[in-house]
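Dear colleague,

Please find below the structure that I am handing over to you. I would be grateful if you could read the notes that follow with the structure open beside them.

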Amino acid sequence: MEVQVERLQGPDAGIVLVGLARPEAKNALGRQLLAEFREALAALKSDPSVRVVVVHSLVAGVFCAGADLKERAGMPQAEASAFVQGIRASFSDLERLPMPVIAAMEGAAFGGGLELALAADLRVAGAEAKMGLVETALAIIPGGGGTQRLPRLIGAARAKELIFTARRLGAEEAGRLGLVNRVVPAGQALEVALGLAREILPNGPVAVRMAKQAINQGQDLDLVDGLALEEACYARVIPTEDRLEGLAAFREKRKPQYKGR
């Protein structure tokens, strides 16, 4: 298995770890890894018990080295194009998961590896992480969503500079640019990502999902339409049992016990 899914139990129930495990290729995105990744995401998408997803690497020293260029080199042109479309679709599947997704990044995340992380909602990087959209150095462009997600995250001018130059960034610079949310000591990205997941876990699951939908879909709308979207998402939480439980817990000065309905 090149993608391993672990559902945490006990007080962490609701947190799911998705681990990349292709050590011989530094987690390069090949046919099998992508197929297993999409299968895992499809199962998580429709599971209401999943509250937070954390994507990480089970291979020391690397998050994801990007597309498997050795595998791609043997493909006919039409197949290579379809393969890149598959990468793009996989990352869109990740982005469209209804629950929050956190990428825990240690080591290298280049090309498609960084594009994978960009499709997450939050990114935590170990201090020794290296990352970049380096495709122009290979006479291609980012094809897994990087030309679209990076400008939305750090601004068009900064994204153009990084993509045009194929620059490789350290974690500290990535943090200054806002490319990652947190920079932590090397080796601690997963634990800090789990800490963030544990902060999200007690909150109303439906509310968190609706907040994610409102933010993601509202980014490309003008303010009037964005506010209408927020109103529609708010309307989805009004009839939930969780909303009533939240009010009762506040009144009774206790911790709410949300059930996601």
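Predicted model: local features only at pLDDT ≥ 70, side-chain atom pairs only at ≥ 80, totals over all residues.

**Helix 8 and what covers it**

Helix 8 comprises the twelve residues 189–200. At 1.5 Å a residue it should span 16 Å, and its end C-alpha atoms are 17 Å apart, which agrees. Its buried residues are A189, V192, A193, L194, L196, A197 and I200. The cover over these buried residues includes strand 2 (15–20), strand 3 (52–57), strand 5 (101–105), strand 7 (122–126) and strand 10 (182–184). Helix 9 (205–218) is also included in that cover.

**Helix 9 and its pairing with helix 10**

Helix 9 has 14 residues, and from its first C-alpha to its last it reaches 20 Å, close to the 20 Å expected at 1.5 Å a residue. The buried residues in helix 9 are P205, V206, V208, R209, M210, K212, A214 and G218. They pack against helix 3, strand 5, helix 8, helix 10 and helix 11 (241–252).

**Helix 1 and helix 3**

Helix 1 contributes R31, L34, F37, R38 and L41 to the contact. From helix 3 come E79, F83, G86, I87, A89, S90, D93 and L94.

In helix 5 (residues 146–154), the buried residues are G146, R149, L150 and I154. Seen down the helix axis, these buried residues fall within an arc of 105 degrees, so they line one face of helix 5. They pack against helix 3 (77–95), helix 4 (112–118), helix 6 (156–165) and helix 7 (171–177). After helix 5 comes G155, with a positive phi near 100 degrees.

Two residues in the loop between strand 8 (130–132) and helix 5 deserve mention: E135 and A139. E135 is buried, with a relative accessible area of 7%, whereas A139 is exposed, at 74%. Leaving aside neighbours within four places in sequence, E135 is in contact with G111, G112, E115, I140, I141 and P142.

Most residues other than glycine have a negative phi. A139 has a positive value, near 65 degrees, and is not a glycine. K253 is another non-glycine residue with a positive phi, of about 55 degrees. K253 is found in the segment after helix 11 and counts as exposed, at 78% relative accessibility.

Which residues does A117 touch, not counting residues up to four places away in sequence? They are F63, A103, M105 and R123. A117 has its place in helix 4 and is buried, with a relative accessible area of 0%. Although A117 and F63 are 54 residues apart along the chain, their C-alpha atoms are separated by 9.2 Å.

F250, by contrast, is a residue of helix 11 that counts as exposed, at 72% relative accessibility. The C-alpha atoms of F250 and I154 are separated by 38 Å, and the two residues are 96 apart along the chain. I154 is one of the buried residues of helix 5 mentioned above.

With kind regards

Methods:
Residues numbered from 1 in each chain as written. Heavy atoms only, no water. Helix = DSSP H or I, 4+ residues; strand = E, 2+ residues; numbered from the N terminus. Expected span 1.5 Å × (residues − 1). Buried < 20%, exposed > 50% of the residue type's maximum accessible area, 1.4 Å probe, protein only. Contact = heavy atoms within 4.5 Å. Arc of directions from axis to C-beta.
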